[in-house]
Amino acid sequence: MIKAEWFYWLVGAVFLAMAAQMVVDRTNPKRLGSAAFWGLLGGCFFYSSWVVEKKAPAEPLGVAVLAMVCLGGFPLTGRGVPRTTTPEQRAASAARLGSRLFVPALTIPLVAVVCASAVKHWHIGGEPVLEAGSETILGLGFGAIVGLLVGMVVVRERRPAVPLHAGRSLLESMGWALLLPQLLAVLGSIFQEAGVGTQVGKITEQVLPEGQKYVAVAVYCVGMALFTVIMGNAFAAFPVMTAAIGWPVLIQQMHGDAPVVLAVGMLAGFCGTLVTPMAANFNLVPAALLELKDQYGPIKAQIPTAGALLVCNIAIISLFAF
């Protein structure tokens with residue numbers, strides 16, 4: 001059986017390898033901080049396996065996360081000068097390859113779908129080839145590996161160190177924002193455990209006019225968008241607003257169709273993602289990678305779309321959930 005844990009170890013090994021590169025990269029004025037940040041992350045991928053198996057305490061993982069927060073927040077991480085081709089060389093290569101440049105990227109979802117839909121049914125000696133319940137994440141891992149190999153074939157690159165250097169450059173460009181979705185998702189769980197959703201629900205029930213389901217739908221969708229703006233992640237806002245309004249009010253009291261309410265409610269949260277700098281990986285990182293003059297340019301361009309989509313989500317739940 002191929003286990004998902006093996007791919008987590010592979011990801012950890014990649015982070016550790018890149019951290020080792022950062023240590024010796026003297027073009028990065030903060031190379032030690034950068035190496036410590038990504039090295040801690042890579043080590044967590046290995047240590048967490050022992051935590052899951054109850055062979056090691058979880059507290060060191062918390063200490064590592066706090067250390068990473070300090071390294072990224074002060075800030076003690078930086079970026080070196082990437083080993084890459086000149087803009088002219090990249091333009092010439094892009095013109096030569098044309099649409100073939102999209103083949104490696106399209107390979108990843110294709111392999112993931114094949115693994116999740118077909119390979120999951122394969123068995124050897126009565127045992128499934130892929131670990132049960134992890135077919136999708138394993139498909140994504142296989143897709144990344146196959147996509148890397150396909151990319152090297154497409155650009156005719158035979159040196160395995162080249163994609164590692166390119167990946168490190170991209171990693172340094174994104175910085176700590178790469179981990180923001182995971183941290184914010186945990187924040188949503190903390191809010192839920194603290195009972196924030198329950199308290200918001202009590203306040204909402206007192207304020208909302210009784211029986212006004214369309215007003216409740218609007219409050220749920222707008223609340224999802226606003227909480228996402230605050231928390232930076234719709235997955236973090238979802239348990240709070242669903243516990244407050246989505247489940248107790250729209251589904252239990254007003255008998256709304258659960259799949260419609262919850263699925264479209266999540267889409268309403270994504271409207272908030274479009275307009276918040278807290279969603280750094282969606283809004284600030286692309287601006288940095290594209291070297292835009294206005295780092296908030298993507299947010300400003302997405303505000304009209306977010307508003308229109310929010311109105312549509314409210315209409316969809318109102319029309320199809322009841």
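Helices here are DSSP runs of H or I with at least four residues, strands are runs of E with at least two, and both are numbered from the N terminus. Before I go on, please keep in mind that this is a predicted model, in which local features need pLDDT of at least 70 and side-chain atom pairs count only at pLDDT 80 or more, while totals for chains, interfaces and linings use all residues. Residues are numbered from 1 along each chain as its sequence is written, and side-chain values use heavy atoms, with hydrogens and water left out.

The stretch I began with comes from a record: the unreviewed UniProt entry lists residues 6-24, 31-50, 101-124, 136-155, 176-194, 214-247, 259-279 and 299-321 under "transmembrane region". UniProt positions are given in the numbering used here, feature names are shortened, and such annotations may be inferred rather than shown by experiment. For another entry in that list, residues 299-321, the chain is 96% helix and 0% strand, with 31 Å between the end C-alpha atoms.

Now to the chain as a whole. It holds 14 helices and two strands, and its C-alpha trace spans about 65 × 60 × 45 Å along the principal axes. Of the 322 residues, 38% are buried, where buried means under 20% relative accessible area, exposed means over 50%, and partly exposed lies in between, using a 1.4 Å probe and protein chains only. Among contacts (heavy atoms within 4.5 Å) with a separation of 6 or more, 71% are between residues 24 or more positions apart. The chain exposes about 18300 Å², and carbon and sulfur atoms supply 70% of that area, which was computed by the Shrake-Rupley method with a 1.4 Å probe, with only the protein chains shown counting as cover for residues.

Let us turn to the aromatic rings. How many aromatic pairs does a search of the whole structure find? There are six, and rings of Phe, Tyr and Trp (its six-membered ring) pair if their centres lie within 6.5 Å, with planes under 30 degrees apart counted as stacked, over 60 as edge-to-face and the rest as tilted. One of these pairs joins Phe 15 and Phe 45, and it is tilted, at 5.9 Å centre to centre and 35 degrees between the planes. This pair links distant parts of the chain, since Phe 15 sits in helix α1 (residues 4-23) and Phe 45 in helix α2 (residues 31-52), 30 residues apart. Together with Phe 37 and Trp 38, these two residues form one aromatic cluster.

Is Phe 15 buried or exposed? Phe 15 is buried, because its relative accessible area is 11%.

Leu 171 is itself buried, with a relative accessible area of 7%, and its C-alpha atom is separated by 9.0 Å from that of Arg 79, which is 92 residues away along the chain.

A further buried residue is Cys 271, at 5% relative accessibility, and its place is in helix α12 (residues 258-273). Leaving out residues up to four places away in sequence, Cys 271 touches Ala 306, Leu 309, Leu 310 and Asn 313.

Finally, a few words on the backbone. Most residues other than glycine have a negative phi, and most peptide bonds are trans. Here, however, a cis peptide bond joins Phe 74 and Pro 75, with omega about -10 degrees, and Pro 75 lies in the loop between α3 (59-73) and α4 (87-97). Lys 54, in the loop between α2 and α3, has a positive phi near 65 degrees although it is a residue other than glycine, and Lys 54 counts as exposed at 75% relative accessibility. His 255 is not a glycine and has a positive phi of about 60 degrees; it is found in the loop between α11 (234-253) and α12, and at 65% relative accessibility His 255 counts as exposed.
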